[in-house]
Amino acid sequence: MSSVLLRRERAIGIALLAPTVLLFGVLILYPMLQSIWLSLHRTNTLTLRQNWAGLDNYADLFADPAFWRSFLNTLIWTGGAMSLQLVVGVGIALLLHGSLVGRALARGLVLFPYLLPTAVAVLVWRWLFNDLYGFLNSVLLRLGIIEHPLAWLSQMPDAMISVILVGTWKFFPFVVIAVLARLQAIPDALYEAARIDGASRFAMFKDITLPQLSGVLSIVVLLRAIWDFKEFDLVYLMTGGGPGIGTQTLPILVYRQAFQMLNFGRGAAVAATMCVFMLLFFAIYAWANRRLVVSDR
Amino acid sequence: MTGIRISGLSKVFSDGTVGLSDFSLDIEDREFVTFLGPSGCGKTTTLRMIAGLEHPTSGTIHFGSRRVDQLTPRERNVAMVFQSYALYPHMTVRQNLEYPLRKRGIPSEQRAAKIAEIAGILRIEKLLGRRPSQLSGGQQQRVALGRAMVRDCDVLLLDEPLSNLDAELRAHMRAELIQLHGALGRTMVYVTHDQLEAMTMSTRIAVLNQGRLQQVATPDEVYRAPVNRFVASFVGSPAMNFLDGHLDLQGGIIRFRAPALSVTLPASRASELRTSSTGQVVAGIRSEDVLLGTGDDKASVRVVERSGHEALVWLDAGGSRVVVRTSADSPVRAGEVIPFAVRPNRVHVFASDTGTRLVGPC
Amino acid sequence: MIGRRLRFAAYNLLVWSVVLAIAFPLMWMTSTALKPNAETFAVPPTLLPVHPTLEHFVRLIRETPFLVYMANSALVGLMTTALVIVVAIAGAYGLVRFRFPGREAVAHLVLFTYLLPAVVLLLPLYLTVSAMGLANSLFGLVIAYTTFCLPFSLWLLRSFLAGIPIDLEEAAMTDGANRFRAFIDVVLPQALPGIISTALFSFILSWNEYLYALVFINVDDRKTLPPGVLTMLNQNQNVEWALLMAASVLMTVPVLVFFSFLQRHLTRGFGAGAVKG
């Protein structure tokens, strides 16, 4: 029997994966369990003693209007940012797909925002949004679109809109890359055949391009929704969750509860709730897109 | 000395497909054996199991008296030419040729000498400093061959090495391989789907289909006495003609009847019949054994292909297609109805259901 | 004839306008970093600096802990990347070339970590790292950063390694190399551009990270760039925007390095031509 060789192959495979699995277990799985544990206890921050609290933390949470406001904010932020990222991303991918002069440079410039530190993106945009000296206000004033400088970040709904705008700018290149790669894989022959058959430009987009993109778009929508939902840095650095809790999202709530109010149990409870919601979303999404298989090949 | 003995070798893949079924073969030292068959027949799987790149599900392989089926490729000491050549792209040709020698710990002067020798035989001396991506297909093929030859191992395996070359280069390389086999004196196991390569280069051919060995014999025997319909149809170009019909055995006389053809087979072969077949059979006749212009049967001419040195005439014989090879100056024209006959002593008869040969030529 | 050239020009004009609009914030950032304060706070502001100056960069380096922050960020990035790349190469190779029970489970595990918010791990990891005495230590950050750099690198390296034809390793093994040597001699050179890209990407992920760095480190001389520079924003009543823009420009350096590497190395057809399709 070939069991000797097969066993050897298995052993090597397992050995190669062992460090990864070990790190995953210690650094990801165990802390996850710890987080659930924390959410079920009340922790005295001075003594670090933990008292069983059962589901009290969750009960307090769901009774707190601030929690629901944060949840709503998160949905608005995620929905708005993701939709814009998608629309802008697909649009720009289509634009970049043609015979452009200096194509490599253009693609590099478009990709830049995605690779920047969020801190830099925020600094730059807060400077642009600055009420007194910011570029945006000065341009809009000069064009006569507004009469007084806008306080982009310190009043609602402007603050949420500003955050969504910056979030779009920062993350849309991910969509561009994914869509562009797929666009380039569509054989020219399909379009040529359609042209001979007499299809218009719009028909070609609708009947060839869109169906070919549907797979990528499903994945992109899922990933962006998940990543925008759990985004902390951008929202926090832009507005700190303000004005008030006008732009406070769930991740910011976790941070505030755990590290400013030092209420570990509640912070962990918010985090756990976030995870449950995301899993639910993922499950529903995966079921709705049954034909979509995330291939590991 | 180092023959290869394969016993009861089988391979079932992890998804359940059967790659090879109960394959047994004894390859003599210094033979050139070709595994021939269509894609998916198991020929490459068998070769890779000899090399140690696949694990058999059951069965054994011996090199001489040494059992090897549980050894790694390194431990078996075989050399292989891959269909894709698999030249190391980041190394020069010289480094590619050197690699097997370095892995065996051969000191550098001996390495240099061996490389010079092989490069001379294959006429690739000028290419030694180049990278694989700078070579043509034929050159890459020769480097792949060189890398396999550079070690003195007893078994040389070749996996469809000529399939990526154009027709002219292939013909040239066939001749070179025959010469190489003679010069090197090593056991060579060759895999191909091209029956011409198999016929011209091998000492013996092993024909496979759907994971099973069909026949193992010299090229001549495989051509003249195919053991079943599959082998008969696979070997020979143009392919053998097949006609459905009946076999009548009456009073010691065998007669084959088809809509367009009726032929009496020589009485001496009545004894070959293993079953009393008065039923459905398939007759096979090669294109060079059909005679035009004589005989009791008639057929209409569909197409005549003249290729300068011969003509191929495509006949419609009662609904069956028959290809006839004849001389280039034959006056036959498309659209004519002409008489034809077959050489009775060259007719093969196969069972309709199993394809096994019932009656063969003498 | 003319119609075609006109359309070509119009298309290029349109697309480049859009691209420049996207890149505008970065140009504005650089412009502000090079402007003397008088120009920066002029109303209306000028587009390009009239009298460009490097004074802000000089001040940044001389009068703020910027270089300290930068050194910390670089150290954390290097340590994280070194650790992650080694583990991820082994893991990716195992996933791609070997069959063993639990293989699919590991692949799904990697996918699952993409769903994980950092805020979930933040608190437990912070408590653990503090308990180990690594609060305010760069090692603590390396531990935290592994949680997202490793899955990402594994995923990237896996697709790079999967793209290398297995023929080459088989040829090497037939030529007398054992599994390990076949990997070193044949796979690694082929995978090198992919490995370097992954390493750069992992470094950038680490360089850009804010939340863990904010929470884990309170001591100023151990801070990394993002939280360090951001505190400069909130420190004074008069925000030193020019300084911040200069800091932003310098923080962008790793991204530029990444791009120049991409341009040079990924366009060279390394493996093409040695293996027939």
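Which residues in α4(A) meet which residues in α7(A)? In this predicted model, Val110(A), Leu111(A), Pro113(A) and Tyr114(A) in α4(A) meet Trp169(A), Lys170(A), Phe171(A), Pro173(A), Phe174(A), Val176(A) and Ile177(A) in α7(A). By class, the residues of this contact comprise 10 nonpolar, no polar and one charged. Helix α4 of chain A covers residues 103–115 and helix α7 of chain A covers residues 158–185; the axes of the two helices are 7 Å apart and form an angle of about 125°. That angle makes α4(A) oblique to α7(A). The crossing of α4(A) and α7(A) is left-handed.

Chain A is also in contact with chain C, through 66 residues of chain A and 69 residues of chain C. On the side of chain C that touches chain A, helix α1 (residues 2–34) of chain C gives the most, with 13 residues. The residues on that side of chain C divide into 55 nonpolar, 12 polar and two charged.

The contact between chain C and chain B takes 21 residues from chain C and 23 residues from chain B. The side of chain C that touches chain B has 11 nonpolar, six polar and four charged residues.

Within chain C, Val142(C) is placed in helix α7 (residues 138–162). Val142(C) counts as buried because it has 22 C-beta neighbours inside 10 Å. Leaving aside residues up to four places away in sequence, Val142(C) touches Val76(C), Met79(C), Thr80(C) and Leu83(C). Although Val142(C) and Leu83(C) are 59 residues apart along the chain, their C-alpha atoms are separated by 8.9 Å.

Chain B contains nine helices and 20 strands. The C-alpha trace of chain B spans about 75 × 45 × 35 Å along its principal axes. Of the 362 residues in chain B, 41% are buried. Among the contacts in chain B with a separation of 6 or more, 65% are between residues 24 or more positions apart.

One open sheet of chain B is formed by four strands in the order β17-β16-β15-β18, with antiparallel pairing. The edges of this sheet are β17 (320–327) and β18 (337–342) of chain B; each has a single partner strand, so one side of each is left without a neighbour in the sheet. Neighbouring strands of the sheet are turned by 50° against each other on average, direction ignored. Strand β15 (residues 290–306) of chain B and strand β16 (residues 310–317) of chain B run antiparallel and are joined by six bridges. Across this pairing, Val301(B) has Leu315(B) in β16(B) as its bridge partner.

Strand β14 (residues 280–285) of chain B is largely enclosed by the rest of the structure, because five of its six residues are buried. Six bridges connect β14(B) with strand β11 (residues 241–250) of chain B, and the two strands run antiparallel. The bridge partner of His246(B) in β14(B) is Gln280(B). Strand β14(B) also pairs with strand β19 (residues 348–351) of chain B, in the antiparallel sense and over four bridges. In that pairing, Ala283(B) has Val349(B) in β19(B) as its bridge partner.

Several loops of chain B carry backbone features of note. The peptide bond from Ser237(B) to Pro238(B) is cis, with omega near 0°. Pro238(B) is placed in the loop between α9 (229–234) and β11 of chain B. Arg123(B), although not a glycine, has a positive phi of about 55°. Arg123(B) lies in the loop between α4 (108–122) and α5 (137–149) of chain B. With 11 C-beta neighbours inside 10 Å, Arg123(B) counts as exposed. Glu160(B), which is not a glycine, has a positive phi of about 45°. The loop that holds Glu160(B) lies between β7 (155–159) and α6 (167–184) of chain B. Glu160(B) is buried, because 20 other C-beta atoms lie within 10 Å.

How values were computed. Residues numbered from 1 in each chain as written. Chains lettered and ligands numbered in written order. Predicted model: local features only at pLDDT ≥ 70, side-chain atom pairs only at ≥ 80, totals over all residues. Contact = placed C-beta atoms within 7 Å. Nonpolar A, V, L, I, M, F, W, Y, C, P; charged D, E, K, R; others polar. Axes fitted to C-alpha atoms, helices over the stretch in contact; angles between N-to-C directions. Parallel < 35°, antiparallel > 145°, perpendicular 65-115°, else oblique. Left-handed = near helix turned anticlockwise from the far one by under 90°. Buried ≥ 20, exposed ≤ 12 C-beta atoms within 10 Å, placed from the backbone. Pairing = 2+ DSSP bridges.
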